[in-house]
Amino acid sequence: MSGPDTSLWFAARTSRSFVLGATLTGFFAAVALVSLFWTPYDVTVLDIAGKLQGFSPAHPLGTDHLGRDMVAMVMVGAQTSIAVAFVAVGIGVGFGVPLGLMAAANRRTLFDEIIMRANDLIFAFPALLIAIMITAIFGPGAINAIIAIGIFNIPVFARLARGGALSLWTRDFVMAARVAGKNKAKISFEHILPNITNLLIVQGTIQFSLGILAEAALSYLGLGAQPPLPSWGRMLADAQTMISFAPHMALVPGLAIVFTVLGLNLMGDGLRDIFDPRLRRSRQ
Amino acid sequence: MLTFVAGRFVSLCLSLIVASIVIFIVIEVVPGDPAALMLGLNAQPDTIAALRDQLGLDAPPFIRYFSWIFGLLSGDFGISYTYRVPVSDLIGDRLWVSVPLAIYALLLSTIVAFAAGLLAAIRRNSGADLSIMGVTQLGVAVPNFWFAMLLVLVFAIWLRWFSAGGFPGWDAGFWPAIKALTLPAIALALPQASILARVMRSSLIDTLDEDYIRTARAKGLTRAQVLWRHALRNALIPVLTILGLQFSFLLAGAIVIENVFFLPGLGRLVFQGITQRDLIVVKSVVMILVFAVILVTFLVDLAYGAADPRLRKNR
Amino acid sequence: MKLLSVRDLVLDIGSTPILGGIDLDVDAGQVLGIVGESGSGKSMTALAIMGLAPTGARLGGKILLKGADLAGHTEAEMCAVRGGEIGMIFQEPMTALNPVMTIGDQVAETVLVHQKRSRAEAREIAGQTLERVELPQSRFPLNRYPHELSGGQRQRVVIAMAIALRPALLIADEPTTALDVTTQAQILDLLARLVDEDGMGMILITHDLAVVAEHADRIAIMRAGEIVERGPATKLLLNLKHPYSKALFEASNHVPARAGPPKNASDEPILVARDVVRDYVVPRTSPFARPGRFRAVNKVSLQLNRGENLGLVGESGCGKSTLARAILALEPLQGGQIFLQDRPVDAPEARRQMQVVFQDPYGSFNPRHTIARSVAEPFHLLGAAAPAGSERADRVALALKEVGLDPKDGQKFIHEFSGGQRQRVAIARALIISPALIILDEAVSALDVSIRAQILDLLAELSDRLHLSYLFISHDLNVVRAVTDRVLIMKSGEIVEEGETAQVFNDPQNAYTRELLASAPSLDEAIARRLKHA
């Protein structure tokens with residue numbers, strides 16, 4: 001495994017987007033991990049006397065309206081955001097990719113047609129509408145956010161997988177595999193899937209970032225994570241009424257969202273360049 | 001062309017029917033007894049029975065579905081449980097806020113995105129291109145409701161150019177109403193414009209690599225002529241697709257933004273509907289929003305057919 | 001004064017030299033043929049003359065058009081020259097036209113950008129020009145879109161755009177490479193007629209020596225950015241001096257040495273097809289219409305014997321590739337039967353006896369698998385009987401050795417090989433389970449002539465030694481003539497003629513066969529004609 005790997009790695013290290021994006025993403029992922037074991041303050045302990053402090057050595061990012069440390073809040077909030085977005089992407093990949101692969105393998109059949117129509121239908125329901133319907137029935141919660149965003153991710157990955165697979169099915173190496181007597185499932189697994197992984201990874205980072213944005217919006221509306229579970233969206237909702245006298249409460253979680261999403265998008269752009277051999281050659 | 005339009009129209013109607021069935025099932029069948037859900041845990045059995053009667057819940061589901069659909073078609077959306085007024089009146093009032101907001105934001109984002117994408121593609125790798133790409137990269141990453149809060153902080157609280165929220169109504173005059181919608185529209189437009197500008201740029205750059213661009217250059221067209229006469233129209237085709245998909249995000253965004261600015265639109269209505277468990281309102285507003293998305297998809301398909309002669313035939 | 005004189009044309013992209021001192025001359029009313037294999041710099045020469053070299057290219061030398069040096073022109077001056085003084089035609093007619101603009105507007109545009117004329121006048125000129133390229137207004141009105149035309153018709157539109165203003169010079173870069181032979185002949189005749197009528201100079205760029213032998217007045221042979229030999233066509237063809245020109249000539253006319261099938265071959269049929277029918281469902285044109293049907297293969301019968309090379313010739317869309325897929329049991333039949341050694345082709349035993357080599361050496365391999373893994377893939381057909389472990393590795397090594405590759409190459413990935421080597425790997429993959437029949441579907445069509453000659457030699461040698469039967473599918477009549485024993489001519493899903501290759505080529509019975517043979521450019525015939533005139 002010498003040839004392609006080293007050049008991919010070389011391309012990765014020399015892609016400015018990728019390095020910057022991976023650093024940002026890695027930072028927030030690390031923050032979320034660390035917060036599982038350690039936070040500077042306990043976010044479940046309220047300190048009303050110390051509320052709404054500005055930046056200080058004891059509280060580098062200040063405190064919120066209930067006196068909780070903003071550093072700790074942002075750290076724990078990262079958990080929620082990343083967990084929700086991660087599971088939602090997982091749902092999208094887990095259901096969407098197999099469906100897309102099956103649709104492509106059975107092109108122009110009723111199955112394919114149904115899958116594609118169902119995809120179109122889900123696209124007519126933005127994640128927020130799905131969340132609204134779920135919440136109206138079952139009440140708000142982080143699980144709703146995951147389901148709503150996850151459902152919306154399914155057609156994204158199904159379409160991508162189908163599109164990528166369709167162009168591969170016309171390639172001669174797939175024909176050669178058919179001549180070698182391999183069935184559709186085996187070809188999809190051995191020949192199609194490995195060749196669309198790049199596409200899926202790039203889309204995965206994009207959907208991950210969209211998931212973080214969507215989770216923030218749902219939590220902000222009160223349709224997602226519920227107190228006491230801290231989440232960046234909820235922190236912003238709390239901050240809104242106090243924005244004129246405590247703007248730091250809005251700035252800190254907002255910037256956390258921006259940097260995480262920016263990191264993921266830059267990483268996605270970088271990966272796209274790295275995986276596209278046409279672009280790679282021109283850079284070297 | 002006529003068969004193309006007819007074909008798209010049939011698929012529009014089918015999508016609407018299926019979408020309405022999905023909404024009906026999720027809201028009326030999944031929860032078991034919607035009346036009990038709407039009234040909460042402490043409701044008296046006779047109140048629930050009264051509501052069931054009012055909602056016609058004792059009829060079999062498919063009868064309820066058809067009476068809902070025929071109601072929708074004749075403009076009868078039912079009576080809101082919490083407001084005790086016809087839902088159609090509620091929606092009618094709110095549309096006067098939500099639709100202008102959506103159009104305002106769409107215009108803003110499209111104009112800005114086309115200009116920025118075009119400039120970036122023509123001046124590829126220049127300072128202008130790099131800064132446009134940098135700004136759009138940020139614009140995609142900024143949550144629109146947070147951006148809205150920043151706009152309020154800067155333009156309403158510090159500079160006092162705009163009010164922090166609320167809507168005076170169109171009775172107060174055109175300009176005051178537009179002014180009240182300006183900050184919300186900007187907040188809505190930013191992420192849309194960023195995505196569109198990026199798509200516009202990459203689509204134009206791809207198109208400029210096509211064989212027919214080289215053919216046109218060999219005819220003696222200058223770079224600018226090639227861009228305006230050949231590249232732009234072809235590049236718009238993928239941009240249209242994204243524009244159509246973006247619309248559903250725009251609607252979703254509008255729900256959030258209306259809540260930031262306390263605008264009396266559909267978004268706030270559905271949001272209040274949820275907190276008050278008013279399923280009648282939620283069901284109808286969701287249906288209207290889905291209808292809007294499907295209608296826009298249909299219009300985009302038609303625009304597609306107009307832009308690309310290959311689609312008018314076989315499809 | 002020469003119409004066009006190129007002197008010491010040098011072109012670098014970055015630090016890579018692309019052209020190293022090109023000298024060319026074109027006279028009015030004359031055709032200069034430039035021949036070369038891929039990467040020889042022939043297209044770049046054309047783009048440099050047009051001032052359309054890619055950004056980042058550095059140009060040196062003189063390009064004199066009627067005495068004026070184009071190399072010193074500004075971009076604005078070049079825009080006036082392009083389309084006005086020099087017209088250009090490209091290889092890919094399918095993508096060379098703007099898909100959202102009518103053909104009339106695209107031709108009229110040439111007029112509008114160069115002359116102060118009204119739209120109506122420009123459209124009238126466009127109509128006249130389209131008539132000149134044999135697209136009559138009655139059948140091809142100006143408001144047609146490119147997607148409504150065939151490849152040959154689109155190429156005529158491109159030609160119309162190039163000649164609308166009767167330029168002094170026309171550059172045709174591989175104008176017929178993407179077209180069928182009969183269409184190619186018509187387009188080349190059209191170009192020759194336009195050169196005559198307008199007294200235009202023309203540069204005809206091609207990889208096919210036979211095409212320039214038939215149409216050029218002067219010939220230049222290019223290799224690696226330089227002209228190795230040039231001169232008046234007849235003189236040059238009859239007395240090639242440079243070793244590369246000689247090698248190219250040899251390869252173009254190459255006939256591999258072959259023992260041929262054993263004497264009693266017809267007693268041992270390998271493949272038998274009877275009345276094969278394959279229909280496709282055509283997508284509905286509207287949601288209310290019933291789906292249509294298209295018969296791609298119509299009652300085709302054929303027999304292929306042990307050790308025999310059977311040619312299947314036809315133009316694009318004639319159904320030859322569909323027939324190949326049907327034989328490989330990759331498509332269901334709507335009628336008839338196909339047997340391989342007396343077993344239906346979809347039986348596992350039959351599938352073990354046939355393999356295939358495709359046209360595109362780049363697309364034939366999964367880029368993420370090693371060569372060894374790809375070559376071993378047909379073992380899947382053997383099921384539990386497939387060799388494992390070191391025996392499997394040995395068989396792969398042997399197959400690679402058979403096709404002239406190093407067994408160590410097995411650990412490499414496909415992108416590390418050249419086009420010719422990739423086709424060798426594809427043959428190794430076909431050989432690995434020792435099949436009785438290999439279907440060669442345009443297997444040498446994408447290769448440069450010199451590489452093609454080597455692959456044909458390899459195939460001939462393998463066929464003799466291993467008693468392999470080939471079904472050799474191709475649109476290239478010269479190649480089919482050189483390597484097959486018998487030949488089938490296919491048109492619109494039917495076999496219109498079959499027989500011994502030599503007999504069919506020397507004495508064709510069917511009208512379509514005669515048309516095909518007359519259209520195919522032939523080096524020998526072109527030279528014979530030139531000898532007679534000289």
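How many residues does helix α4 (residues 119-132) of chain C have, and how far does it reach from its first C-alpha to its last? The helix has 14 residues and reaches 20 Å, close to the 20 Å expected at 1.5 Å a residue; the expected span is 1.5 Å times one less than the number of residues.

## Basis of the model

This is a predicted model, in which local features need pLDDT of at least 70 and side-chain atom pairs count only at pLDDT 80 or more, while totals for chains, interfaces and linings use all residues. Residues are numbered from 1 along each chain as its sequence is written, chains are lettered from A and ligands numbered from 1 in the order in which they are written, and side-chain values use heavy atoms, with hydrogens and water left out.

## Chain A

Chain A contains eleven helices and zero strands; helices (H or I, at least four residues) and strands (E, at least two) are DSSP runs, numbered from the N terminus. Its C-alpha atoms fill a box of roughly 75 × 50 × 30 Å along the principal axes. Of the 284 residues in chain A, 57% are buried, where buried means under 20% relative accessible area, exposed over 50%, and partly exposed in between (1.4 Å probe, protein chains only). Among contacts (heavy atoms within 4.5 Å) in chain A between residues at least 6 apart in sequence, 69% join residues at least 24 apart.

## Interface of chain A and chain B

Here 38 residues of chain A touch 42 residues of chain B. The two chains bury about 3500 Å² between them, 83% of it on carbon and sulfur atoms; buried area is the accessible area (1.4 Å probe) that two parts lose on being put together, summed over both. Met133(A), Ile137(A) and Leu221(A) supply 16% of the area that chain A buries against chain B, more than any other three residues.

One salt bridge is found across this interface, a salt bridge being a side-chain nitrogen of Lys or Arg within 4 Å of a carboxyl oxygen of Asp or Glu. It joins Arg198(B) to Asp269(A), with the closest N and O atoms 3.0 Å apart. The largest share, eleven residues, comes from α10(A). By class, the side of chain A that touches chain B has 31 nonpolar, six polar and one charged residues. In this count Ala, Val, Leu, Ile, Met, Phe, Trp, Tyr, Cys and Pro are nonpolar, Asp, Glu, Lys and Arg are charged, and the others, Gly among them, are polar.

## Interface of chain C and chain A

This contact takes 26 residues from chain C and 20 residues from chain A. About 2000 Å² is buried between the two chains, 59% of it on carbon and sulfur atoms.

The side chains of Glu377(C) and Lys182(A) meet in a salt bridge (3.0 Å, N to O), and the count for this pair of chains is one. Nine residue pairs are in polar contact, both residues at pLDDT 80 or more. On the side of chain C that touches chain A, strand β16 (residues 354-357) gives the most, with three residues. By class, that side has eleven nonpolar, eight polar and seven charged residues.

## Helices α3 and α4 of chain C

The buried residues of α4(C) include Ala122(C), Ile125(C), Ala126(C) and Arg132(C). They pack against α3 (103-114), α5 (151-163) and α6 (181-198) of chain C. After α4(C) comes Glu134(C), whose phi is positive, near 65 degrees.

In α3(C), the buried residues include Ile103(C), Val107(C) and Val111(C). Their cover includes α10 (223-260) of chain B together with α4 and α5 of chain C.

## Salt bridges within chains

Over all chains the structure holds 43 salt bridges. One of them joins Asp120(A) and Arg159(A), with the closest N and O atoms 2.3 Å apart. Asp120(A) lies in helix α4 of chain A and Arg159(A) in helix α6 (residues 142-169), so the pair ties together parts that are 39 residues apart in sequence. Lys182(A) also forms a salt bridge with Glu190(A), at 2.9 Å between the closest N and O atoms, and both residues are buried.

In chain C, Lys42(C) pairs with Glu174(C) in a salt bridge, the closest N and O atoms being 3.5 Å apart. Both residues are buried.

Technical notes. Polar contact = N/O pair within 3.5 Å; in protein donor to acceptor, adjacent residues only side chain to side chain.
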